[in-house]
Amino acid sequence: MRDYMFVFLIIGSLLLPGCAGIKNIQDLNYIVAIGMDFDKEKNLYKVYLQGINFANVAKQEGAKSVEHIPNFIAEATGETLNIAVSKLYKKSEPPLFFGHVNTLLLSNRLVEHKFAEVIQEVGRNRSIRETIRIVTTNEDIREILNVTALYNYPSIFTVIF
């Protein structure tokens with residue numbers, strides 16, 4: 001009887017996955033802001049993703065780097081929001097991680113024509129926090145997401161955040 005229990009214990013432990021699916025922090029693209037726009041004439045959504053670079057976020061030994069580290073902005077268009085984001089998933093070599101999104105930047109055109117649809121789509125996505133800030137603008141979303149913070153701090157220290 002003890003031999004059977006030992007065999008079942010060995011077989012059971014071999015079937016457990018362990019930590020096989022865990023990714024290292026540097027193996028993901030962390031998205032911190034999502035910008036969305038809508039082109040009424042073409043009936044297309046444009047999605048912008050802003051990712052952070054850990055080169056100026058993580059603590060490093062010695063003096064802080066004085067060179068400017070750019071914001072990472074990706075954009076794609078699609079007939080739906082899901083299609084546009086799917087195009088960005090396909091382009092990104094390290095997978096995208098939406099768990100750190102804390103700002104949703106919407107154009108006024110999108111708010112006027114498709115606001116209810118956008119809020120439903122964002123609400124369905126379980127990767128995005130429930131406590132994000134929603135900001136609307138008439139300005140170019142790409143320019144807003146490219147604003148640099150003071151003293152070469154990362155983009156999460158800008159006024160929009």
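Student: Is Phe38 buried or exposed?
Tutor: Phe38 is buried, at 4% relative accessible area. Buried means under 20%, exposed over 50%, and partly exposed in between, using a 1.4 Å probe and protein chains only. Keep in mind this is a predicted model: local features need pLDDT of at least 70, side-chain atom pairs count only at pLDDT 80 or more, and totals for chains, interfaces and linings use all residues. Residues are numbered from 1 along each chain as its sequence is written, and side-chain values use heavy atoms, leaving out hydrogens and water.
Student: And how many aromatic pairs are there?
Tutor: Three. The rule takes rings of Phe, Tyr and Trp (its six-membered ring) with centres within 6.5 Å; planes under 30 degrees apart are stacked, over 60 edge-to-face, the rest tilted.
Student: What kind of pair do Tyr30 and Phe97 make?
Tutor: Edge-to-face, because their planes sit at 75°, with the ring centres 5.4 Å apart. Tyr30 is in strand β1 (residues 29-39) and Phe97 in strand β4 (residues 96-97), so the pair ties together parts 67 residues apart in sequence. Strands here are DSSP runs (E, at least two residues) and helices are H or I runs of at least four, numbered from the N terminus.
Student: How accessible are Tyr30 and Phe97?
Tutor: Tyr30 counts as buried at 9%, whereas Phe97 is partly exposed at 33%.
Student: What about Phe38 and Tyr45?
Tutor: They form a tilted pair, 5.1 Å centre to centre with 55° between the planes. Tyr45 is buried, at 2%.
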